[in-house]
Amino acid sequence: MEYKIAVISGDGIGPEIVREAKKVLDKIGELYGHTFHYTEVLMGGCSIDVHGVPLTEEALQTAKESDSVLLGAVGGNVGNSRWYDVAPNLRPEAGLLAIRKGLGLFANIRPAYLYKELAAACPLKEEIIGDGFDMVIMRELTGGLYFGERYTKEIDGVMTAVDTLTYNEKEIRRIAVKAFDIARKRKKRVISVDKANVLDSSRLWRKVVEEVAKNYPEVELSHMLVDNCAMQLVMNPAQFDVVLTENMFGDILSDEASMITGSIGMLPSASLNEGKFGLYEPSHGSAPDIAGKDIANPIATILSAAMMLRYSFDLDEEAAAIEKAVEKVLSMGIRTVDIMAEGCRQVGTTEMGTAICEILVQNK
């Protein structure tokens, strides 16, 4: 099979980690008889440098004409980057919001799984970790506070900023359906996270989610307020299976969940539309302070590529092969610096990608 992938290497460590993900995809293609055609697309700070904007219409069109998108990372250091001395809509991260909106990517899937080999890196106590945890955070991506009307102006002599949080029932229903569909294939539990004791938008969220749940009698639904969820994630992470939540809450909770796995460099993510199309990216940022040093962990990006194979291309066997290769590399004690432990062998970005490719060949 042949597949067209729009590749957004982005900023910071983006080009390094994407290079290794492409290396692994190419090895999968070689072993399983697929061809991946890559088209490079600029987005983020690198696009600002060339075009003056974080995402051009031409770049968006290229992405639309592809079968999926593989993204590294965008952005830089806010305090000392020329990319941030501009209006918010011209900053690197605005490109990410724009491409999500332009491609209709409303559902963000972010797994948080604790590898047994990395249990020592988890910041939680051993008695809290127990036998580990395996959850998925399903975050709505194109609505809510990040996309509502906003302005800053003087009102009655006082500078006032307003950000509007808006959701309609259609936006809520479609993300809820995605969450229940995934839960049905997992442990059949959905925890919907909101702030229904305060927000009208959350009260509507809860109402619609309960309506959707009636179509999934085999899936257990419960509700949790977002502040309690933040606490429960570090008190008892094993209780979670699929966490369904809105945009801003999901932004915060998914980062928290990622860190209790021991390293944000290990976690992939997928952003899907209503069909098979998706944008796949690591959960971490661009880490400009370590860019170009060959020390960034490429595993999250490699696992994002595995998610692409599974969700967009229906190549489940190939996706599983990558995931097993990552587990094998970890069991062999091969580590990048962020997950380094005593008795292990430290490698760089390039060597980690090569090691995973070698395991793919051995396991085939």
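Helices (H or I, at least four residues) and strands (E, at least two) are DSSP runs, numbered from the N terminus. The structure described here is a predicted model, in which local features need pLDDT of at least 70 and side-chain atom pairs count only at pLDDT 80 or more, while totals for chains, interfaces and linings use all residues. Residues are numbered from 1 along each chain as its sequence is written, and side-chain values use heavy atoms, with hydrogens and water left out.

Searching the whole structure gives one cavity of 30 Å³ or more. A cavity is a set of points, on a 1 Å grid over the protein atoms alone, where a 1.4 Å probe fits but cannot get out, and its lining residues have an atom within 4 Å of a point. Grid points are joined across faces, edges and corners, and a volume is the space filled by probe spheres set on the points. The largest cavity holds about 50 Å³ of space. Its lining consists of Leu 165, Tyr 167, Leu 199, Ser 201, Ser 202, Trp 205, Glu 246 and Phe 249. Helix α7 supplies the largest share of this lining, three residues.

The aromatic residues come next. The whole structure contains six aromatic pairs. Rings of Phe, Tyr and Trp (its six-membered ring) pair if their centres lie within 6.5 Å, and planes under 30 degrees apart count as stacked, over 60 as edge-to-face and the rest as tilted. One of the pairs joins Tyr 113 and Tyr 115: the ring centres are 5.0 Å apart and the planes stand at 85°, so the arrangement is edge-to-face. Tyr 113 is partly exposed, at 33% relative accessibility, whereas Tyr 115 is buried at 8%; buried means under 20% relative accessible area, exposed over 50%, and partly exposed in between (1.4 Å probe, protein chains only).

Tyr 167 and Trp 205 also form a pair, with centres 5.5 Å apart and planes at 75°, and therefore edge-to-face. This pair links distant parts of the chain, 38 residues apart, with Tyr 167 in the loop between β7 (158-163) and α6 (169-184) and Trp 205 in helix α7 (residues 200-213). Both Tyr 167 and Trp 205 are buried, and both belong to the lining of the largest cavity. Elsewhere, ring pairs connect Tyr 3, Phe 36 and Phe 313 into a cluster.

Charged side chains also meet rings. A charge sits over a ring if NZ of Lys or CZ of Arg is within 6 Å of the ring centre and within 35 degrees of the ring normal. Lys 22 lies over the face of Tyr 38, at 5.0 Å from the ring centre, and Lys 364 over that of Tyr 32, at 4.2 Å.

Some individual positions complete the picture. Pro 92 lies in helix α4 (residues 92-102) and is buried, with a relative accessible area of 0%. Asp 156, in the loop between β6 (150-155) and β7, has a phi near 55°, a positive value in a residue other than glycine. Asp 156 is exposed, at 78% relative accessibility. Asp 314 likewise has a positive phi near 55°; Asp 314 occupies the loop between α10 (299-311) and α11 (316-331) and is partly exposed at 48%.

Terms used:
On a 1 Å grid over the protein atoms alone, a cavity is a set of points where a 1.4 Å probe fits but cannot get out, and a pocket is an open set with protein on both sides within 12 Å along at least five of seven lines; lining residues have an atom within 4 Å of a point.
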